[in-house]
Amino acid sequence: MLGIVPTQQALRSAYEQELDLVKISPTANPPVCKIMDYSKFKYEQSKKDKENRRNQTVVELKEIRLSMTIDVGDIAVKTKQCLKFLEAGNKVKVSIRMKGRENSRSYQGVKVMEDFFEGLEGKAAMDKKPATEGRNIIMILSPVKA
């Protein structure tokens with residue numbers, strides 16, 4: 001901490017120490033500078049960035065398709081697959097595509113979705129409730145934090 005120093009004196013001081021004069025906050029009045037080894041700083045910054053990227057988890061959106069006339073055994077299989085996706089930390093989009101006369105009975109599709117959600121035994125949170133969008137009924141689930 002040298003306080004307010006003229007630019008030429010700061011540059012001379014950095015040159016004598018064989019370091020770089022780096023502007024930390026150039027928009028401040030007066031500008032804030034620091035004497036440091038800039039190449040070492042950039043190297044350490046890149047190492048931190050690599051470490052952060054390695055620890056980062058990417059959440060994917062997986063999709064499970066149901067039908068309005070799905071049977072109990074088939075729902076059990078789809079539920080098991082959905083639980084696998086949720087345990088891996090992914091979000092799941094559950095969808096039903098309505099065909100023909102099924103469009104007039106979309107409430108049955110919503111009931112199938114709600115039954116499916118109940119089968120997940122509290123291991124999922126509903127991000128988006130079952131809603132009809134054109135010919136599709138869509139619900140989005142996310143994993144519950146332990």
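**Exercise 1. Find which element gives the most to the lining of the largest pocket, then describe that pocket.**

Helices and strands here are DSSP runs (H or I, at least four residues, for helices; E, at least two, for strands), numbered from the N terminus. Before going on, note that this is a predicted model, where local features need pLDDT of at least 70, side-chain atom pairs count only at pLDDT 80 or more, and totals for chains, interfaces and linings use all residues. Residues are numbered from 1 along each chain as its sequence is written, and side-chain values use heavy atoms, with hydrogens and water left out.

Next, the space: the largest pocket holds about 600 Å³. Its lining counts 17 residues, and G3, V5, P31, V32 and C33 are the closest to the centre. A pocket is an open set of points on a 1 Å grid over the protein atoms alone where a 1.4 Å probe fits, with protein on both sides within 12 Å along at least five of seven lines; lining residues have an atom within 4 Å of a point. The volume is the space filled by probe spheres set on the points.

Then the other elements: α1 (7-16), β1 (20-25) and β2 (32-36) each supply at least two lining residues.

**Exercise 2. Work out which residues of α1 are buried and which are exposed.**

Look inward first: A10, S13 and A14 are buried (under 20% relative accessible area, with exposed over 50% and partly exposed in between; 1.4 Å probe, protein chains only). These three sit on the same side of α1, because they cover an arc of only 95° around the axis, taken from the directions from the helix axis to the C-beta atoms.

On the face turned away, you'll find the exposed Q8, Y15 and E16. Just after α1, E18 takes a positive phi of about 55°.

**Exercise 3. Examine the salt bridge between E51 and R54.**

Rule first: a salt bridge is a side-chain nitrogen of Lys or Arg within 4 Å of a carboxyl oxygen of Asp or Glu. By that rule there are 6. For E51 and R54, the closest N and O atoms are 3.0 Å apart.

Next, the spacing: E51 and R54 are 3 residues apart in helix α2 (residues 38-55), so about one helical turn separates them.

Last, accessibility: E51 is partly exposed at 35%, while R54 is exposed at 59%.
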